Amino acid sequence: MPRLNFNQQNEVMELLQALVKINSVNDNDEQGNRDQSEKEISGFIEKYLVGLGMTVTRHPFSPGRDNLVAHWAHQEGEKSIALQSHMDTVGVANMSINPFGGGILDGKVWGRGSCDTKGSMAAFLIALSAAKKKNYQFKDKIYFVATVAEETGCKGAEALIAEEFKVDGIVVGEPTMSRLVTAHKGTMWAELSTTGTSCHASLPHLGKNAIYGMGKALSFITNDYLPSLEKQSHPLLGNPTLSVGTVNGGTATNIVPSSCKLSLDFRVLPGTKPEAILDDFLTRLRTAVPDEEFEINTMHGHGGVDTPADSPWVQNLLGPCQKRAGQEGPEGVNYFADSGAFNGAGIPCVLFGPGDIAQAHTKDEFLDLDQLYLAGGIVLDWLEAGCEKSLLS
Ligand SMILES: [Zn+2]
(Lines give C-alpha, C1' and ligand atoms only; values in the text may rest on other atoms or scores of the structure.)
Protein backbone atom coordinates (compact mmCIF):
# COMPACT_ATOMS: atom_id res chain seq x y z
CA MET A 1 0.00 0.00 0.00
CA PRO A 2 1.47 3.36 -0.99
CA ARG A 3 0.96 6.29 1.34
CA LEU A 4 1.69 9.12 -1.06
CA ASN A 5 -1.37 11.22 -1.75
CA PHE A 6 -2.56 12.12 -5.25
CA ASN A 7 -0.50 15.31 -5.44
CA GLN A 8 2.64 13.62 -4.17
CA GLN A 9 2.17 10.80 -6.67
CA ASN A 10 1.90 13.33 -9.47
CA GLU A 11 4.90 15.24 -8.22
CA VAL A 12 7.17 12.18 -8.01
CA MET A 13 6.01 10.93 -11.41
CA GLU A 14 6.81 14.28 -13.03
CA LEU A 15 10.12 14.44 -11.21
CA LEU A 16 11.15 11.03 -12.52
CA GLN A 17 10.07 11.99 -16.04
CA ALA A 18 12.20 15.14 -15.83
CA LEU A 19 15.22 13.16 -14.59
CA VAL A 20 14.89 10.58 -17.38
CA LYS A 21 14.70 13.35 -19.99
CA ILE A 22 18.17 14.53 -18.96
CA ASN A 23 20.89 12.53 -20.71
CA SER A 24 23.41 11.35 -18.09
CA VAL A 25 24.94 8.46 -20.02
CA ASN A 26 28.28 7.27 -18.69
CA ASP A 27 29.27 4.41 -20.96
CA ASN A 28 33.00 4.47 -20.24
CA ASP A 29 35.52 6.81 -18.62
CA GLU A 30 36.54 8.50 -21.85
CA GLN A 31 32.98 9.26 -22.96
CA GLY A 32 31.92 10.21 -19.43
CA ASN A 33 34.74 12.73 -19.02
CA ARG A 34 34.36 14.10 -22.55
CA ASP A 35 30.58 14.62 -22.24
CA GLN A 36 30.72 15.56 -18.54
CA SER A 37 27.90 13.07 -18.15
CA GLU A 38 26.36 14.33 -14.92
CA LYS A 39 26.82 18.07 -15.47
CA GLU A 40 23.24 18.83 -16.48
CA ILE A 41 21.49 16.45 -14.10
CA SER A 42 23.58 17.60 -11.13
CA GLY A 43 22.49 21.18 -11.86
CA PHE A 44 18.86 20.05 -11.91
CA ILE A 45 19.19 18.12 -8.64
CA GLU A 46 21.09 20.92 -6.94
CA LYS A 47 18.31 23.35 -7.79
CA TYR A 48 15.71 20.93 -6.43
CA LEU A 49 17.63 20.47 -3.16
CA VAL A 50 18.19 24.21 -2.73
CA GLY A 51 14.43 24.57 -3.24
CA LEU A 52 13.99 22.29 -0.21
CA GLY A 53 16.16 24.66 1.81
CA MET A 54 19.15 22.34 1.78
CA THR A 55 22.77 23.43 1.62
CA VAL A 56 24.47 21.69 -1.29
CA THR A 57 28.21 21.22 -1.62
CA ARG A 58 29.88 20.09 -4.83
CA HIS A 59 32.76 17.62 -4.64
CA PRO A 60 34.65 17.54 -7.94
CA PHE A 61 35.46 14.16 -9.43
CA SER A 62 36.70 15.43 -12.80
CA PRO A 63 35.96 18.66 -14.71
CA GLY A 64 32.18 19.10 -14.99
CA ARG A 65 31.50 15.99 -12.92
CA ASP A 66 30.72 16.68 -9.27
CA ASN A 67 29.32 14.55 -6.47
CA LEU A 68 26.63 16.43 -4.53
CA VAL A 69 26.24 16.35 -0.76
CA ALA A 70 23.20 18.13 0.68
CA HIS A 71 21.89 18.66 4.19
CA TRP A 72 19.69 21.02 6.15
CA ALA A 73 22.09 23.43 7.87
CA HIS A 74 19.92 23.96 10.95
CA GLN A 75 19.88 20.26 11.90
CA GLU A 76 21.32 19.52 15.30
CA GLY A 77 21.28 15.73 15.69
CA GLU A 78 24.41 13.98 16.90
CA LYS A 79 24.27 11.32 14.21
CA SER A 80 23.93 11.55 10.48
CA ILE A 81 22.19 9.39 7.94
CA ALA A 82 22.17 9.72 4.15
CA LEU A 83 19.91 8.82 1.28
CA GLN A 84 22.07 8.32 -1.80
CA SER A 85 21.73 7.59 -5.47
CA HIS A 86 24.02 7.76 -8.48
CA MET A 87 23.26 10.21 -11.29
CA ASP A 88 24.80 8.40 -14.27
CA THR A 89 23.29 5.69 -16.45
CA VAL A 90 24.67 3.06 -18.79
CA GLY A 91 24.73 3.67 -22.57
CA VAL A 92 21.77 3.69 -24.92
CA ALA A 93 23.03 1.65 -27.91
CA ASN A 94 20.39 -0.73 -29.32
CA MET A 95 17.56 0.66 -27.20
CA SER A 96 14.14 0.02 -28.72
CA ILE A 97 12.48 3.06 -27.11
CA ASN A 98 13.47 6.73 -26.94
CA PRO A 99 16.07 6.61 -24.16
CA PHE A 100 15.28 10.14 -23.01
CA GLY A 101 11.53 10.12 -23.69
CA GLY A 102 10.34 9.68 -20.12
CA GLY A 103 6.83 8.96 -21.40
CA ILE A 104 4.11 7.14 -19.45
CA LEU A 105 2.52 4.00 -20.88
CA ASP A 106 0.84 1.09 -19.07
CA GLY A 107 1.50 2.64 -15.67
CA LYS A 108 5.23 2.84 -16.28
CA VAL A 109 7.81 5.56 -16.88
CA TRP A 110 9.97 4.56 -19.86
CA GLY A 111 13.57 5.50 -20.59
CA ARG A 112 17.23 4.98 -19.70
CA GLY A 113 17.82 5.27 -15.98
CA SER A 114 14.12 5.12 -15.03
CA CYS A 115 14.85 1.97 -13.03
CA ASP A 116 18.62 2.28 -12.45
CA THR A 117 18.49 4.50 -10.59
CA LYS A 118 16.62 7.73 -11.21
CA GLY A 119 13.51 6.07 -9.71
CA SER A 120 15.32 5.74 -6.37
CA MET A 121 16.47 9.32 -6.64
CA ALA A 122 12.94 10.59 -7.32
CA ALA A 123 11.49 8.49 -4.46
CA PHE A 124 14.09 9.87 -2.02
CA LEU A 125 13.60 13.45 -3.18
CA ILE A 126 9.79 13.29 -2.93
CA ALA A 127 10.08 12.01 0.63
CA LEU A 128 12.48 14.84 1.52
CA SER A 129 10.13 17.32 -0.15
CA ALA A 130 7.13 16.00 1.81
CA ALA A 131 9.17 16.14 5.03
CA LYS A 132 10.11 19.73 4.30
CA LYS A 133 6.48 20.74 3.64
CA LYS A 134 5.43 19.19 6.95
CA ASN A 135 8.39 20.86 8.67
CA TYR A 136 9.65 17.60 10.18
CA GLN A 137 12.25 18.10 12.90
CA PHE A 138 14.56 15.11 12.81
CA LYS A 139 16.58 13.64 15.64
CA ASP A 140 19.47 12.98 13.21
CA LYS A 141 21.16 15.03 10.55
CA ILE A 142 19.62 13.94 7.25
CA TYR A 143 21.79 14.06 4.13
CA PHE A 144 21.14 13.49 0.47
CA VAL A 145 24.09 12.36 -1.65
CA ALA A 146 24.21 12.09 -5.45
CA THR A 147 27.26 10.46 -6.99
CA VAL A 148 28.86 10.44 -10.44
CA ALA A 149 30.54 7.59 -12.31
CA GLU A 150 28.88 4.61 -10.63
CA GLU A 151 28.33 2.66 -13.83
CA THR A 152 32.04 2.63 -14.62
CA GLY A 153 33.07 1.14 -11.28
CA CYS A 154 31.73 3.27 -8.40
CA LYS A 155 34.48 5.81 -8.96
CA GLY A 156 32.46 8.83 -7.83
CA ALA A 157 31.69 7.21 -4.48
CA GLU A 158 35.35 6.27 -4.11
CA ALA A 159 36.39 9.88 -4.78
CA LEU A 160 33.94 11.10 -2.14
CA ILE A 161 35.32 8.63 0.38
CA ALA A 162 38.86 9.74 -0.43
CA GLU A 163 37.74 13.20 0.75
CA GLU A 164 36.80 11.57 4.05
CA PHE A 165 33.05 11.85 3.55
CA LYS A 166 31.46 10.22 6.58
CA VAL A 167 27.94 9.53 7.83
CA ASP A 168 26.69 7.00 10.39
CA GLY A 169 24.54 5.12 7.90
CA ILE A 170 23.69 5.32 4.22
CA VAL A 171 20.72 4.06 2.20
CA VAL A 172 21.99 3.37 -1.31
CA GLY A 173 19.27 3.75 -3.92
CA GLU A 174 19.14 0.79 -6.29
CA PRO A 175 16.20 -1.20 -7.67
CA THR A 176 15.32 -3.64 -4.87
CA MET A 177 11.53 -3.78 -5.47
CA SER A 178 11.18 -1.40 -2.52
CA ARG A 179 12.56 -4.05 -0.19
CA LEU A 180 15.39 -3.67 2.27
CA VAL A 181 18.63 -5.29 1.15
CA THR A 182 21.46 -5.70 3.63
CA ALA A 183 23.91 -7.87 1.72
CA HIS A 184 25.65 -8.23 -1.60
CA LYS A 185 28.83 -9.92 -2.69
CA GLY A 186 32.10 -8.22 -3.45
CA THR A 187 33.67 -8.39 -6.90
CA MET A 188 37.22 -8.97 -8.00
CA TRP A 189 38.26 -8.90 -11.63
CA ALA A 190 41.68 -10.31 -12.39
CA GLU A 191 43.80 -11.44 -15.30
CA LEU A 192 45.58 -14.76 -15.15
CA SER A 193 48.52 -15.18 -17.52
CA THR A 194 50.94 -17.90 -18.39
CA THR A 195 54.02 -17.80 -20.56
CA GLY A 196 55.63 -20.28 -22.94
CA THR A 197 58.25 -20.21 -25.66
CA SER A 198 57.45 -19.46 -29.29
CA CYS A 199 58.73 -21.47 -32.23
CA HIS A 200 57.53 -22.59 -35.64
CA ALA A 201 54.42 -24.74 -35.45
CA SER A 202 56.04 -27.42 -37.60
CA LEU A 203 58.58 -28.10 -34.82
CA PRO A 204 56.40 -27.70 -31.72
CA HIS A 205 58.72 -29.79 -29.50
CA LEU A 206 61.23 -26.90 -29.66
CA GLY A 207 58.88 -24.52 -27.89
CA LYS A 208 56.47 -24.45 -24.96
CA ASN A 209 52.81 -23.89 -25.78
CA ALA A 210 51.26 -21.33 -23.41
CA ILE A 211 47.72 -22.28 -24.46
CA TYR A 212 48.35 -25.88 -23.34
CA GLY A 213 49.59 -24.43 -20.05
CA MET A 214 46.40 -22.41 -19.65
CA GLY A 215 44.38 -25.53 -20.51
CA LYS A 216 45.73 -27.06 -17.31
CA ALA A 217 44.59 -23.99 -15.38
CA LEU A 218 41.10 -24.35 -16.89
CA SER A 219 40.96 -27.99 -15.77
CA PHE A 220 41.98 -26.90 -12.28
CA ILE A 221 39.23 -24.25 -12.27
CA THR A 222 36.45 -26.56 -13.47
CA ASN A 223 37.46 -29.74 -11.62
CA ASP A 224 38.83 -28.38 -8.37
CA TYR A 225 38.24 -24.66 -7.72
CA LEU A 226 34.57 -24.29 -8.69
CA PRO A 227 33.42 -27.33 -6.64
CA SER A 228 35.27 -25.90 -3.63
CA LEU A 229 33.28 -22.64 -3.93
CA GLU A 230 30.02 -24.56 -3.74
CA LYS A 231 30.98 -25.72 -0.26
CA GLN A 232 30.90 -22.14 1.07
CA SER A 233 27.60 -20.45 1.78
CA HIS A 234 26.06 -17.23 3.09
CA PRO A 235 22.45 -17.23 4.35
CA LEU A 236 21.34 -14.37 2.03
CA LEU A 237 23.82 -14.72 -0.83
CA GLY A 238 24.51 -18.40 -1.40
CA ASN A 239 27.99 -19.39 -2.52
CA PRO A 240 30.83 -17.35 -4.00
CA THR A 241 31.36 -17.78 -7.74
CA LEU A 242 34.03 -17.53 -10.39
CA SER A 243 33.43 -17.06 -14.10
CA VAL A 244 36.04 -17.03 -16.86
CA GLY A 245 35.11 -14.16 -19.17
CA THR A 246 37.69 -14.05 -21.93
CA VAL A 247 40.62 -16.09 -23.19
CA ASN A 248 43.37 -14.63 -25.34
CA GLY A 249 46.43 -16.44 -26.59
CA GLY A 250 48.67 -16.85 -29.58
CA THR A 251 49.35 -14.71 -32.63
CA ALA A 252 49.12 -17.00 -35.66
CA THR A 253 48.14 -20.55 -36.58
CA ASN A 254 51.70 -21.50 -37.51
CA ILE A 255 53.38 -20.16 -34.36
CA VAL A 256 53.54 -21.98 -31.01
CA PRO A 257 52.08 -19.36 -28.64
CA SER A 258 54.26 -17.78 -25.97
CA SER A 259 51.44 -16.20 -23.99
CA CYS A 260 47.88 -16.91 -22.91
CA LYS A 261 45.61 -14.83 -20.68
CA LEU A 262 42.24 -15.41 -19.02
CA SER A 263 40.02 -12.78 -17.47
CA LEU A 264 38.41 -13.91 -14.24
CA ASP A 265 35.33 -12.54 -12.46
CA PHE A 266 35.26 -13.56 -8.80
CA ARG A 267 32.11 -12.77 -6.78
CA VAL A 268 33.22 -13.07 -3.20
CA LEU A 269 31.27 -13.27 0.05
CA PRO A 270 31.29 -10.12 2.17
CA GLY A 271 33.97 -10.13 4.81
CA THR A 272 36.48 -12.01 2.68
CA LYS A 273 39.32 -9.84 1.44
CA PRO A 274 39.48 -9.93 -2.37
CA GLU A 275 43.32 -9.97 -2.25
CA ALA A 276 43.22 -13.02 0.01
CA ILE A 277 40.92 -14.77 -2.49
CA LEU A 278 43.43 -14.18 -5.30
CA ASP A 279 46.38 -15.33 -3.16
CA ASP A 280 44.54 -18.51 -2.27
CA PHE A 281 43.52 -19.13 -5.90
CA LEU A 282 47.09 -18.70 -7.16
CA THR A 283 48.64 -20.83 -4.44
CA ARG A 284 46.25 -23.68 -5.14
CA LEU A 285 46.72 -23.34 -8.90
CA ARG A 286 50.52 -23.44 -8.59
CA THR A 287 50.30 -26.52 -6.39
CA ALA A 288 47.91 -28.27 -8.78
CA VAL A 289 49.93 -27.36 -11.89
CA PRO A 290 53.56 -27.12 -10.75
CA ASP A 291 55.11 -27.39 -14.22
CA GLU A 292 53.64 -24.09 -15.53
CA GLU A 293 54.31 -20.46 -14.61
CA PHE A 294 51.27 -18.39 -13.69
CA GLU A 295 50.89 -14.74 -12.77
CA ILE A 296 47.75 -12.95 -11.66
CA ASN A 297 46.98 -9.23 -11.90
CA THR A 298 44.10 -7.41 -10.29
CA MET A 299 42.00 -5.35 -12.71
CA HIS A 300 39.59 -3.95 -10.18
CA GLY A 301 37.70 -4.95 -7.07
CA HIS A 302 34.84 -3.85 -4.86
CA GLY A 303 34.01 -5.07 -1.41
CA GLY A 304 30.71 -6.65 -0.45
CA VAL A 305 28.13 -5.58 2.11
CA ASP A 306 26.74 -7.57 5.00
CA THR A 307 25.10 -5.19 7.44
CA PRO A 308 23.85 -6.98 10.57
CA ALA A 309 20.09 -7.39 10.25
CA ASP A 310 19.58 -6.82 13.96
CA SER A 311 21.22 -3.39 14.02
CA PRO A 312 18.66 -0.78 15.09
CA TRP A 313 18.86 1.36 11.97
CA VAL A 314 18.23 -1.67 9.75
CA GLN A 315 15.21 -2.56 11.86
CA ASN A 316 13.96 1.04 11.62
CA LEU A 317 13.81 0.86 7.82
CA LEU A 318 12.67 -2.76 7.76
CA GLY A 319 9.48 -1.82 9.65
CA PRO A 320 7.95 0.29 6.83
CA CYS A 321 9.16 -2.27 4.23
CA GLN A 322 7.32 -4.99 6.12
CA LYS A 323 4.22 -2.89 6.49
CA ARG A 324 3.96 -1.64 2.92
CA ALA A 325 5.95 -4.07 0.74
CA GLY A 326 5.12 -7.27 2.62
CA GLN A 327 8.77 -8.03 3.25
CA GLU A 328 9.66 -10.50 5.99
CA GLY A 329 13.38 -10.23 6.75
CA PRO A 330 16.33 -8.47 5.11
CA GLU A 331 17.38 -9.76 1.70
CA GLY A 332 20.51 -10.07 -0.43
CA VAL A 333 21.11 -9.18 -4.10
CA ASN A 334 23.54 -10.39 -6.74
CA TYR A 335 24.76 -7.06 -8.09
CA PHE A 336 27.12 -4.54 -6.57
CA ALA A 337 26.72 -0.78 -6.29
CA ASP A 338 28.20 2.30 -4.59
CA SER A 339 27.36 0.49 -1.35
CA GLY A 340 30.53 -1.61 -1.68
CA ALA A 341 32.64 1.56 -1.73
CA PHE A 342 30.85 3.19 1.23
CA ASN A 343 30.93 -0.01 3.24
CA GLY A 344 34.65 -0.37 2.53
CA ALA A 345 35.13 3.05 4.15
CA GLY A 346 33.36 1.84 7.29
CA ILE A 347 29.97 3.44 6.57
CA PRO A 348 27.14 1.01 7.36
CA CYS A 349 25.07 0.50 4.20
CA VAL A 350 21.77 -0.85 3.07
CA LEU A 351 20.21 -0.84 -0.40
CA PHE A 352 16.66 0.22 -1.12
CA GLY A 353 14.75 1.57 -4.10
CA PRO A 354 11.82 1.07 -6.45
CA GLY A 355 11.82 -1.30 -9.42
CA ASP A 356 13.31 -4.59 -10.48
CA ILE A 357 17.01 -4.93 -11.31
CA ALA A 358 15.88 -7.10 -14.24
CA GLN A 359 14.86 -3.88 -16.05
CA ALA A 360 18.16 -2.10 -15.42
CA HIS A 361 20.45 -1.67 -18.44
CA THR A 362 17.83 -3.18 -20.81
CA LYS A 363 16.81 -2.03 -24.30
CA ASP A 364 13.40 -0.87 -23.05
CA GLU A 365 14.08 0.15 -19.45
CA PHE A 366 11.04 1.21 -17.40
CA LEU A 367 9.85 1.74 -13.87
CA ASP A 368 6.41 0.82 -12.59
CA LEU A 369 4.70 3.87 -11.10
CA ASP A 370 3.27 1.66 -8.34
CA GLN A 371 6.83 0.87 -7.29
CA LEU A 372 7.77 4.54 -7.35
CA TYR A 373 4.84 5.49 -5.11
CA LEU A 374 5.49 2.55 -2.79
CA ALA A 375 9.18 3.42 -2.33
CA GLY A 376 8.44 7.11 -1.77
CA GLY A 377 5.85 6.19 0.87
CA ILE A 378 8.23 3.82 2.67
CA VAL A 379 10.94 6.47 2.88
CA LEU A 380 8.39 9.00 4.11
CA ASP A 381 7.21 6.58 6.84
CA TRP A 382 10.81 6.11 7.85
CA LEU A 383 11.60 9.84 7.93
CA GLU A 384 8.45 10.52 9.95
CA ALA A 385 9.61 8.02 12.57
CA GLY A 386 12.91 9.92 12.64
CA CYS A 387 11.14 12.87 14.27
CA GLU A 388 10.29 10.73 17.31
CA LYS A 389 13.66 9.09 17.80
CA SER A 390 17.01 8.69 16.09
CA LEU A 391 16.83 6.49 13.00
CA LEU A 392 20.16 5.03 14.09
CA SER A 393 19.19 3.71 17.51
ZN1 LIG B 1 22.61 1.55 -10.30
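Author: Leaving aside neighbours within four places in sequence, Val-289 is in contact with Lys-216, Ala-217 and Phe-220, where contact means that the C-beta atoms of two residues, placed from the backbone, lie within 7 Å. This is a predicted model, in which local features need pLDDT of at least 70 and side-chain atom pairs count only at pLDDT 80 or more, while totals for chains, interfaces and linings use all residues. Residues are numbered from 1 along each chain as its sequence is written.

Val-289 sits in the loop between α7 and β12 (294-302); helices (H or I, at least four residues) and strands (E, at least two) are DSSP runs, numbered from the N terminus. Val-289 has 18 C-beta neighbours inside 10 Å and therefore counts as partly exposed, since a residue is buried if 20 or more other C-beta atoms, placed from the backbone, lie within 10 Å of its own, exposed if 12 or fewer, and partly exposed in between.

Two of the residues that Val-289 touches, Ala-217 and Phe-220, also take part in a contact between two helices, in which Ala-217, Phe-220, Asp-224 and Tyr-225 come from α6, and Phe-281, Arg-284, Leu-285 and Ala-288 come from α7. By class, this contact of α6 with α7 has six nonpolar, no polar and two charged residues, where Ala, Val, Leu, Ile, Met, Phe, Trp, Tyr, Cys and Pro count as nonpolar, Asp, Glu, Lys and Arg as charged, and the others, Gly among them, as polar. The axes of α6 (residues 210-229) and α7 (residues 274-288) come within 10 Å and cross at roughly 110°; such axes are lines fitted to C-alpha atoms, for helices over the stretch in contact, and angles run from 0 to 180 degrees between N-to-C directions. The two helices α6 and α7 are therefore roughly perpendicular to each other, the term used for 65 to 115 degrees, whereas under 35 is roughly parallel, over 145 roughly antiparallel and the rest oblique. Their crossing is right-handed, which is said when the near helix is turned clockwise from the far one by less than a right angle, and left-handed when anticlockwise.

Val-12 belongs to α1, where Gln-8, Gln-9, Val-12, Met-13 and Leu-16 meet Leu-369, Leu-372, Tyr-373 and Gly-376 of α10. That contact of α1 with α10 has six nonpolar, three polar and no charged residues. The axes of α1 (residues 6-21) and α10 (residues 369-385) come within 10 Å and cross at roughly 115°, and that makes α1 roughly perpendicular to α10. The crossing of α1 and α10 is right-handed.

The wider setting is given by the domains, whose bounds come from an automatic or database domain assignment. The protein chain is divided into domain 1 (6-184 + 304-385) and domain 2 (186-302), and the C-alpha centres of these two domains lie 37 Å apart. Eleven residues of domain 1 are in contact with ten residues of domain 2. On the side of domain 1 that touches domain 2, the elements that give two or more residues are β13 (305-306), β14 (331-333) and α9 (338-344), and this side has five nonpolar, four polar and two charged residues.

Most residues other than glycine have a negative phi, and most peptide bonds are trans. The peptide bond from Asp-116 to Thr-117, however, is cis, with omega near -5°, and Thr-117 lies in helix α4 (residues 114-133). In α4, 18 of the 20 residues are buried, so this helix is largely enclosed by the rest of the structure. Asp-116 is among the residues touched by Ala-360, together with Cys-115, Pro-175 and Glu-365, not counting residues up to four places away in sequence. Ala-360 lies in the loop between β15 and β16 and is buried, with 21 other C-beta atoms within 10 Å. His-361 is found in the loop between β15 (349-352) and β16 (366-368), and has a positive phi of about 65° although it is not a glycine. His-361 is partly exposed, with 15 other C-beta atoms within 10 Å.
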